[in-house]
Amino acid sequence: MKQSRKKALLGYMFICPWLLGFLFFWLGPLGFSSYISFTRWTVYGQATFTGFSNYIKIFTDDPLFLQALKVTSLYVSGSIPLILMVSLLVAVLLNEKIKGLSFFRTVYYLPTVMTGISVALLWMWIFNPEFGIMNSLLEICFNLKGPKWLASTTWALPALIIMSLWGIGSPMLIFLAGLQGIPDRLYEAAEIDGATRWSKFRNITVPMISPIILFNLIMGIISAFQVFTQAYIMTAGGPHYATLFYVLYLYKNGFQWFKMGYAAALALILFVVILVAALIILRSSRGWVYYESKLGGV
Amino acid sequence: MKRELTWWSKKRSKELTWKIFVYILLGGGSIIFLIPLFWMFSTALKEETQVFAYPPQWIPSPAVWENFPRALTSVPFIIFYKNSFVISASCILGAILTAPLVAYGFARLRFPGRGLLFLILLSSMMLPYHVTLIPLFIIYRYLGWIDTFKPLIIPFFFGGAPFFIFLLRQYYMTIPLELDDAARIDGCSEFGIYSRIMLPLSKPVLMVVVIFTFMWNWNDFLGPLIYLRGIEKMTVALGLNFFQSTRYGTKMTLLMAASFTAIIPCMLLFFFGQKYFLRGITLTGSKG
């Protein structure tokens, strides 16, 4: 008895750095945040309790909140399917037995290493309507007059979506690991039956990696909801709020307009939105994700 | 016999066409992926007037290497680099000291609530970092931590990141228990097993922790933007933003030179630590 209590104590001692961190940097602030969201709190002034007024204002009288939600959802629904498709395609190609694999893998992964402001500055320059490489290439290759990209209300968001495709590295590698785990015998069996490449992909590859598609989908959505640097640097939310991403709006409220209470309410709503989105996807996944172990193997 | 041979050669030639197709797709994709980087580097080497040439010049002649020193000395980039390295190194230290400790606790020790706590740890991986932005800012301001590195560094001394703990715990689970038992019979304490056996064994995974911590901190923009104020405290990411607003920063050549320099540490780290990198990423996906 005494021995096992001692052991338990030891266990808590080992995990205490994380446990304390979780309490101080997550749970505590989360609780504090709920309190702040019910107040009016300009950083340098006093907090006044205002009940639900922040939430009421957000949901009934804040067109920018709706705009931020719309922009972020458009971005998520535009970039995530594209990222998943392209990264799966590249992973399938990289899973072929060809020479120079490590070179290709490096090339496709490299941009992922360099996220952040340097990349934002680079793409600003690429999308420059007059001297940027994007419009020059469009003109040289297709004889098209390119749009004004980041300065256009229609094209600013698509520009950011195109840019997001440069960062397919992580989902691609995760897909690749999954593809390498598919047993060869499945393909061999299909080949004997005379299956085409496409039908093998459709009927073996996709079901076998569906849990990984789900994983990449959820991780991608979580990170896409948190886009900030690109929007802050490249467009500052403009033109005409066309790229007012949710976290940018949150930042503006908290740190430019010093509406801490309001920003805290926005953050909690973001939390709920992400949670609900993840849950809906998890629920729906029962219909399309195939778990080998649960069904007793092939 | 003859029929079989034609079938075989048909299959071979089909295989070959497919391979060529794969090469063309991968090669074309690689070019598209490398163009932005090449464009960045080429702009960084141009004269200001060459930037506005049409059609665009891919290889600048003459190459103006002086753009690099000019960009880096027009604002105190040396200080920004030093700050970024100090912050990254401190975070790495924090993560390395605490993440394996916690992971060992979860992998090897039995205590009530372990399963639940580990589940909480896993779900906290999905918590968006912005949810606690406002309360943490208020707390740090109350503590007087604004315009210091503390808000960026100290959280890493509490287990690094949930992701690291998860990664290390998965790794420890694969190490046979017999190893611990043997050490225990020899009179080794629990902490001794951890520090003398498990920790040295987990070097490759610790490399993953080092690399990821460095990347995150090097590229982080929102954190420094909120917590750091003075120029002498700025990180490279903030410094680039600051540089952009100066007289020099409006020159595309200098801006690209500065940006290119800022990605070099990450690139180097990636090239030298590639195998650790891949391991970290694939571990997350396949065992999530």
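User: Let's start with chain A: what percentage of the 298 residues in chain A is made up of buried residues?

Analyst: Bear in mind that this is a predicted model. To count as buried, a residue needs 20 or more other C-beta atoms within 10 Å of its own. In chain A, with its 298 residues, the buried share comes to 40%.

User: And is chain A compact or spread out, going by its radius of gyration?

Analyst: Chain A has 13 helices and 2 strands. For 298 residues the globule rule gives 19 Å, whereas the radius of gyration of chain A is 24 Å, well over that, so chain A is more spread out than a compact globule. Along the principal axes, its C-alpha atoms fill a box of roughly 80 × 75 × 35 Å.

User: How far apart are the centres of domain 1 and domain 2 of chain A?

Analyst: The domain assignment puts domain 1 of chain A at 1-34 and domain 2 at 62-288. Taking the centres over C-alpha atoms, the separation is 36 Å.

User: In chain B, how many residues does each domain put into the contact between domain 1 and domain 2?

Analyst: Here the assignment gives domain 1 as 2-44 and domain 2 as 68-286. Their C-alpha centres lie 38 Å apart. The contact takes 4 residues from domain 1 of chain B and 6 residues from domain 2 of chain B.

User: Which element gives the largest share of the side of chain A that touches chain B?

Analyst: On the chain A side, 70 residues are in contact with 74 residues of chain B. Sorted by class, the chain A side has 55 nonpolar, 13 polar and 2 charged residues. The largest share, 19 residues, comes from helix 1 (residues 2-36) of chain A.

User: Is helix 7 of chain B roughly parallel or roughly antiparallel to helix 10 of chain B?

Analyst: Helix 7 (residues 162-173) and helix 10 (residues 203-219) of chain B pack with axes 10 Å apart, at an angle of about 170°. Anything over 145 degrees counts as roughly antiparallel. That makes the pair roughly antiparallel.

User: What residue classes make up that contact of helix 7 with helix 10 of chain B?

Analyst: Helix 7 of chain B brings Phe164(B), Leu167(B), Leu168(B) and Tyr171(B), and helix 10 of chain B brings Val205(B), Val208(B) and Val209(B). By class, that's no polar, no charged and 7 nonpolar residues.

User: Back to chain A: which peptide bond is cis, with omega near -15°?

Analyst: Most peptide bonds are trans. Look in the loop between helix 11 (229-235) and helix 12 (246-256) of chain A, where Pro239(A) lies. The cis bond runs from Gly238(A) to Pro239(A).

User: What is phi of Tyr241(A) near?

Analyst: Tyr241(A) is also placed in the loop between helix 11 and helix 12 of chain A. With 17 other C-beta atoms within 10 Å, Tyr241(A) is partly exposed. Most residues other than glycine have a negative phi. Tyr241(A) has a positive one, near 60°.

User: And where in chain B is Asp147(B)?

Analyst: Asp147(B) has a positive phi too, near 65°. Asp147(B) is partly exposed, with 14 other C-beta atoms within 10 Å. Its place is in the chain B loop between helix 5 (133-143) and helix 6 (150-153).

Technical notes: Residues are numbered from 1 along each chain as its sequence is written. Chains are lettered from A and ligands numbered from 1 in the order in which they are written. This is a predicted model: local features need pLDDT of at least 70, side-chain atom pairs count only at pLDDT 80 or more; totals for chains, interfaces and linings use all residues. Domain bounds come from an automatic or database domain assignment. Axes are lines fitted to C-alpha atoms, for helices over the stretch in contact, and angles run from 0 to 180 degrees between N-to-C directions. Helices (H or I, at least four residues) and strands (E, at least two) are DSSP runs, numbered from the N terminus. Angles under 35 degrees count as roughly parallel, over 145 as roughly antiparallel, 65 to 115 as roughly perpendicular and the rest as oblique. Two residues are in contact if their C-beta atoms, placed from the backbone, lie within 7 Å. Ala, Val, Leu, Ile, Met, Phe, Trp, Tyr, Cys and Pro count as nonpolar, Asp, Glu, Lys and Arg as charged, and the others, Gly among them, as polar. The radius of gyration is taken over C-alpha atoms; the globule rule is 2.2 Å times the number of residues to the power 0.38. A residue is buried if 20 or more other C-beta atoms lie within 10 Å of its own, exposed if 12 or fewer, and partly exposed in between; C-beta atoms are placed from the backbone.
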